[in-house]
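Open the model in your viewer and keep the sequence panel beside it. This tour goes stop by stop: select, look, move on.

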Amino acid sequence: MADYWVKLYIDILNDPKYHMLSENAKLGMLELMVVAKTAEVEGNHPKGYLPEIMEIAFYTRRTIDWWKPVIEELKNHHERPYLVELDGQLFIRKYQQRQAKISDAERQRRSRSKPLSQPVTKPVTIRDTEVEEDVDVERDVEKEEDVDVANNNIEIINQEFENSSGLSRSNCTSKEKTKWDDSLIRMVHSGVSPEIISKSIAALKAKGGYVIAGPWSIVKAVQIEMASARQTVPKDDARRYIEGPFSEFIQH
């Protein structure tokens, strides 16, 4: 994604949860997106993470006292808060997913779903010798899975992973923390529960010789565990793929 803009879904205006926010929180939500992007571009923080409140106040030219109640409101708003805190650091929930580049397959799917009377793309815009294709301007209603919020809280999933694996995010390098968080967010969005995390780690440890270096090491095992939980056939049918001849391929 280009470094000079952030995505904002226009359907936010039709979201009741957005209109439940105070006027300051609505403004703060938008400004925090820009702050997160600025911190990312400057290389100070991983994607979606926010700097200390003093830096936020500086970037936005507001006071710390103005930001304190706004941040608290965004952290505690409804069932799906805008801000989440992990290891004492704030980040914007689903920031990476919402700001990610649209895949070619998804772009083609959306193009095929448009009426033939509408153009597939809008005209090409030239900016500083870079060609930017202005696409996907249509209303993009984001679909979130209706999952158990308590089970899919990042802090809960992270705590279960650390307890079951014996690893700690606090011991990671900055680069590893980014990879750690990406993997956690990916699993949380898939609807993983603490029980699935625990079972997946136990299954990998039972194999012997498999090194769990971080949450990224269990993503495939979690997917298989979740798939087997949805199946009516015995779990051994799904488990054989973890322990069978293709285990090395599946786990890596």
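A salt bridge here is a side-chain nitrogen of Lys or Arg within 4 Å of a carboxyl oxygen of Asp or Glu. By that rule the structure holds seven salt bridges. Several of them are stops below.

Two notes before you click. This is a predicted model: local features need pLDDT of at least 70, side-chain atom pairs count only at pLDDT 80 or more, and totals for chains, interfaces and linings use all residues. Residues are numbered from 1 along each chain as its sequence is written, and side-chain values use heavy atoms, with hydrogens and water left out.

**Whole view**

Start with a cartoon. Helices (H or I, at least four residues) and strands (E, at least two) are DSSP runs, numbered from the N terminus.

Now show the surface. The protein exposes about 15,300 Å². Carbon and sulfur atoms supply 53% of that area. Accessible areas come from the Shrake-Rupley method with a 1.4 Å probe; for residues, only the protein chains shown count as cover.

How many of the 252 residues count as buried, in percent? The share is 38%. Buried means under 20% relative accessible area, exposed means over 50%, and partly exposed is in between (1.4 Å probe, protein chains only).

Look at contacts too (heavy atoms within 4.5 Å). Take the contacts with a separation of 6 or more: residues 24 or more positions apart account for 64% of them.

**Stop 1: Lys26**

Select Lys26. It is found in helix 2, residues 23–41. Is Lys26 buried or exposed? Lys26 counts as buried, because its relative accessibility is 11%.

Show what surrounds Lys26. Setting aside residues up to four places away in sequence, Lys26 touches Tyr18, His19 and Leu21. Then draw a distance from Lys26 to Leu74. The two are 48 residues apart in sequence, yet 9.0 Å apart in space, C-alpha to C-alpha.

The side chains of Glu23 and Lys26 meet in a salt bridge at 3.4 Å, N to O. The two are three residues apart in helix 2, so about one helical turn separates them. Glu23 is exposed, with a relative accessible area of 57%.

**Stop 2: Arg62 and Glu31**

Select Arg62 and Glu31. Their side chains meet in a salt bridge at 3.0 Å, N to O. Arg62 lies in the loop between helix 3 (53–60) and helix 4 (64–75), and Glu31 lies in helix 2, so the pair ties together parts that are 31 residues apart in sequence. Arg62 counts as partly exposed, at 26% relative accessibility. Glu31 is buried, at 19%.

**Stop 3: Glu40 and Lys37**

Stay on helix 2 and select Glu40 with Lys37. Their side chains form a salt bridge at 3.7 Å, N to O. Three residues apart in the helix, they are separated by about one helical turn. Lys37 is buried, with a relative accessible area of 5%.

Now select Glu72, Lys75 and Glu85 together. Salt bridges that share partners join these three into one network.

**Stop 4: the cavity**

Rolling a probe the size of a water molecule over the atoms shows where empty space is left. On a 1 Å grid over the protein atoms alone, a cavity is a set of points where a 1.4 Å probe fits but cannot get out; lining residues have an atom within 4 Å of a point. Grid points are joined across faces, edges and corners, and a volume is the space filled by probe spheres set on the points.

The structure holds one cavity of 30 Å³ or more. The largest cavity has a volume of about 40 Å³. To see its lining, select Lys47, Gly48, Tyr49, Phe91, Ile92, Lys94, Tyr95, Gln96 and Ile185. Strand 2 (89–92) and helix 5 (95–99) are the elements that give two or more residues to this lining.

Color the lining by class. It has five nonpolar, two polar and two charged residues. Ala, Val, Leu, Ile, Met, Phe, Trp, Tyr, Cys and Pro count as nonpolar, Asp, Glu, Lys and Arg as charged, and the others, Gly among them, as polar.

**Stop 5**

Select Asn158 in helix 7 (residues 154–165). Asn158 is buried, with a relative accessible area of 4%. Leaving aside neighbours within four places in sequence, Asn158 is in contact with Leu86, Trp180 and Leu184.

Finish on Ser183, in helix 8 (residues 174–189). Ser183 counts as buried, at 8% relative accessibility. Not counting residues up to four places away in sequence, Ser183 touches Pro215, Trp216 and Val219.

Terms used
1 Å grid on protein atoms, 1.4 Å probe; cavity = no way out; pocket = protein on both sides within 12 Å on 5 of 7 lines; lining within 4 Å.
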